[in-house]
Amino acid sequence: MPIEASFRYLGGMTTPLAMLFIGIAISKASWSEIKFDRELTAAMVGRFVICPLCVMVCLPFFALPKLMSDVFVMQAAMPAMTNTSIVAKVYGGDYKYAAMLTVVSTLLAVITTPFYMWVLRG
């Protein structure tokens, strides 16, 4: 059906358009604006330490295969979603700060992802 194909094409454009928006927001911000203040540190600790630990604590209560458990932990340790800044812009929030959080969390994920893979392998 043509309508179904049109919606499929539009749905496929969502992620590339989000990346373009974030790229524009990041290009307008300077790296000197990134300050590791209390809020940014708390956000990164929550994203990369508290979330995965909460999942690790809850998983023993469920009878799940190891692969599924490992996927849940890795999902909890992923960086901030790229569409966070878009949602912030739509609802009148600080989309530049949200884009900065996305960038910082993505850069930190380069370190934390191999760490969690190492932890889960053991």
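The dialogue below takes up a helix pair, a group of rings and one serine.

Modeller: Please note that this is a predicted model, in which local features need pLDDT of at least 70, side-chain atom pairs count only at pLDDT 80 or more, and totals for chains, interfaces and linings use all residues. Residues are numbered from 1 along each chain as its sequence is written, and side-chain values use heavy atoms, with hydrogens and water left out.

Colleague: At what angle do the axes of H4 and H6 cross?

Modeller: Axes are lines fitted to C-alpha atoms, for helices over the stretch in contact, and angles run from 0 to 180 degrees between N-to-C directions. Helices are DSSP runs (H or I, at least four residues), numbered from the N terminus. Here H4 (residues 66-76) and H6 (residues 95-121) have axes that come within 11 Å and cross at roughly 155 degrees. The two helices are therefore roughly antiparallel, a term for angles over 145 degrees.

Colleague: Which residues make the contact between H4 and H6?

Modeller: Contact means heavy atoms within 4.5 Å. H4 contributes Lys66, Asp70, Val73 and Met74, while H6 contributes Thr113, Tyr116, Met117 and Leu120. Of the residues in this contact, 5 are nonpolar, 1 is polar and 2 are charged. In this scheme Ala, Val, Leu, Ile, Met, Phe, Trp, Tyr, Cys and Pro count as nonpolar, Asp, Glu, Lys and Arg as charged, and the others, Gly among them, as polar.

Colleague: How many aromatic pairs does the structure hold, and how is such a pair read?

Modeller: A pair of aromatic rings is described by the distance of the centres and the angle of the planes. Rings of Phe, Tyr and Trp (its six-membered ring) pair if their centres lie within 6.5 Å; planes under 30 degrees apart are stacked, over 60 edge-to-face, and the rest tilted. The structure holds 2 aromatic pairs. Phe115 and Tyr116 are edge-to-face, at 5.4 Å centre to centre with 70 degrees between the planes. Phe115 and Trp118 have centres 6.1 Å apart and planes at 40 degrees, so this pair is tilted.

Colleague: Is Tyr116 buried or exposed?

Modeller: Buried means under 20% relative accessible area, exposed over 50%, and partly exposed in between (1.4 Å probe, protein chains only). Tyr116 is buried at 6%, Phe115 is partly exposed at 42%, and Trp118 is exposed at 62%.

Colleague: What does Ser85 contact?

Modeller: Ser85 lies in helix H5 (residues 84-90) and is buried, at 0% relative accessibility. Leaving aside neighbours within four places in sequence, Ser85 is in contact with Phe21, Ile22, Tyr95, Ala98 and Ala99.

Notes:
Parallel < 35°, antiparallel > 145°, perpendicular 65-115°, else oblique.
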